Amino acid sequence: MSKIFKGTKPSRRSFLRGALAGGGALAGGAAWADADPAIVEKQPWNQYLGDGVDARPYGVPSKFEEHVRRQDVPWLTADPISSVNFTPLHELDGIITPNGLCFERHHAGIAEVDPAQHRLMINGLVDRPLVFTMQDLMRFPRENHVYFLECAANSGMEWAGAQLNGCQFTHGMIHNVMYTGVPLRLLLAEAGVKTEGKWIMVEGADASGMNRSIPMEKALDDCMIAFKMNGEALRPEQGYPVRLVVPGWEGNMWVKWIRRIEVGDKPWHAREETSKYTDLLPDGQARRFTWEMDAKSVITNPSPQAPITHGPGHTVLTGVAWSGRGTIPRVDVTLDGGINWQPARMSGPSFDKSMHRFYFDFDWDGKPLLLQSRAHDSTGYVQPTKDQLRAIRGENSIYHNNGIQTWAVNEQGVAENVEIS
Ligand SMILES: Nc1nc2c(c(=O)[nH]1)N[C@H]1C(S)=C(S)[C@@H](COP(=O)(O)O)O[C@H]1N2
Ligand SMILES: [Mo]
């Protein structure tokens with residue numbers, strides 16, 4: 001909270017020490033001290049002419065933000081060509097993930113596809129097999145929607161107990177983007193799906209040729225063939241020039257560099273829906289076709305990569321929540337490991353199958369905290385504890401871990417990934 005002086009130009013000496021003290025300061029803002037050169041002295045940037053408008057034709061963040069980076073986990077990344085990096089959730093606010101920070105998951109590296117040579121084909125149980133150029137796709141009526149994409153393996157390393165120290169690593173296999181694209185149903189209608197056509201198989205143009213089966217109901221509901229993210233062309237990492245958007249469903253189905261859609265009467269049982277992206281249960285049976293992402297949330301600040309550095313007093317706690325089944329009308333927060341829960345303040349737009357932002361503003365007494373958040377989605381589903389999840393799913397799983405995350409904060413404000421039961 002800064003004091004605004006109107007009309008008079010305060011001289012150095014006319015500032016009152018502690019001008020803010022009686023002003024109902026919320027979070028402090030230091031009392032003015034004439035010793036602080038950052039406010040009383042000229043800074044270098046007051047004294048030179050900056051770059052001109054021709055210097056940065058495509059803008060990048062300030063050099064002081066260089067630590068805001070996607071990062072991988074070395075022990076997970078034996079080979080970066082088929083690996084994953086993570087979105088720095090603790091550095092972001094609002095609900096949109098900037099394009100350069102969207103986590104990446106590739107099975108065969110980043111394909112550099114020439115849009116002029118790229119084609120999308122629809123074949124199989126259709127009246128008219130079709131091949132679209134990018135220009136063809138851009139002449140269909142297009143729509144804009146904000147959706148999260150979460151890899152089903154997000155938080156997968158946490159099944160056995162607290163592992164990774166930072167929400168970037170425990171929860172960063174997610175991004176939330178505004179997509180511009182064509183509803184898949186319009187393209188399927190153009191090809192004319194035969195009555196027996198109950199499934200589609202979607203396939204990528206990268207060297208992995210990654211493919212998945214999707215039921216026709218979903219294909220005709222809200223799937224999109226997207227070519228823009230947050231207003232600009234998709235990034236190569238995210239499937240340039242065109243990717244499939246499967247709102248609310250696991251990230252693996254969102255085929256990048258999509259080149260073919262085959263219509264069939266049954267699922268294909270591809271590698272990514274049999275050997276992978278299935279969940280082995282304690283009785284030896286496996287769950288399969290677990291497409292929807294269950295409601296989940298995480299506190300992004302404070303967190304292990306974002307400790308409290310200001311000492312006791314007013315503290316802003318914030319985080320994100322999402323559900324593959326709808327919106328997030330409510331998130332609860334606890335400071336004491338689940339003894340007392342209080343509703344957080346939701347802020348920002350609430351879109352279907354999108355990330356939501358929550359805040360919890362509190363006065364920290366400087367004592368240790370056990371922070372947790374718990375999401376409620378628009379279907380009434382409540383995010384479970386990790387113990388509740390393990391009681392049903394056992395400990396063989398990798399995928400679909402949406403259990404409640406705990407951060408232990410000590411007297412110094414340092415946060416650590418822990419589990420409590
Ligand atoms: N063609 C293709 N599509 C793909 C993949 C891939 O390796 N090749 N990876 C999938 C997986 S497992 C996930 S989680 C998402 C990741 O999307 P992102 O890189 O935009 O974060 O893309 C999916 N689509
Ligand atoms: Mo994934």
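Modeller: What follows goes from the whole chain to selected residues.

Colleague: What should I know about the conventions?
Modeller: This is a predicted model, in which local features need pLDDT of at least 70 and side-chain atom pairs count only at pLDDT 80 or more, while totals for chains, interfaces and linings use all residues. Residues are numbered from 1 along each chain as its sequence is written, chains are lettered from A and ligands numbered from 1 in the order in which they are written, and side-chain values use heavy atoms, with hydrogens and water left out.

Colleague: How many helices and strands does the chain have?
Modeller: The chain has 6 helices and 21 strands. Both are DSSP runs numbered from the N terminus, with at least four residues (H or I) for a helix and at least two (E) for a strand.

Colleague: What share of the residues is buried?
Modeller: Of the 421 residues in the chain, 50% are buried. Buried means under 20% relative accessible area, exposed over 50%, and partly exposed in between, with a 1.4 Å probe and protein chains only.

Colleague: In what order do the strands of the open sheet run?
Modeller: The order of the 5 strands is S16-S15-S19-S20-S21, with antiparallel pairing. Strands S16 (342-343) and S21 (415-418) each have a single partner strand, so one side of each is left without a neighbour in the sheet. Two strands pair if DSSP finds at least two bridges between them.

Colleague: How many bridges join S15 and S19?
Modeller: Strand S15 (residues 330-334) and strand S19 (residues 369-376) are joined by 5 bridges. Thr 334 has Gln 372 in S19 as its bridge partner.

Colleague: Turning to helix H4, which residues there are buried?
Modeller: In H4 (residues 184-191), the buried residues are Leu 184, Leu 187, Leu 188 and Ala 191. They lie on the same side of H4, because they cover an arc of only 100° around the axis. That arc is taken from the directions from the helix axis to the C-beta atoms. Gly 192 follows H4 and has a positive phi, near 75°.

Colleague: How many aromatic pairs are there in the whole structure?
Modeller: The search finds 10 aromatic pairs. Phe 132 and Phe 140 form an edge-to-face pair, because their ring centres are 5.8 Å apart and their planes are at 75°. Rings of Phe, Tyr and Trp (its six-membered ring) pair if their centres lie within 6.5 Å; planes under 30 degrees apart count as stacked, over 60 as edge-to-face and the rest as tilted.

Colleague: Are those two phenylalanines buried or exposed?
Modeller: Phe 132 is buried at 5% relative accessible area, and Phe 140 is buried at 16%. Elsewhere, ring pairs link Trp 199, Trp 249, Phe 289 and Trp 291 into a cluster.

Colleague: Where is His 107 found?
Modeller: His 107 is in the loop between helix H1 (37-40) and strand S1 (119-124). At 18% relative accessibility, His 107 counts as buried.

Colleague: Which side chains make polar contacts with that of His 107?
Modeller: The side chain of His 107 makes a polar contact of 3.3 Å with that of Arg 105, and another of 3.3 Å with that of Glu 272. A polar contact is a pair of N or O atoms within 3.5 Å; within protein, one must be able to donate a hydrogen and the other to accept it, and residues adjacent in sequence count only if both atoms are side-chain atoms.
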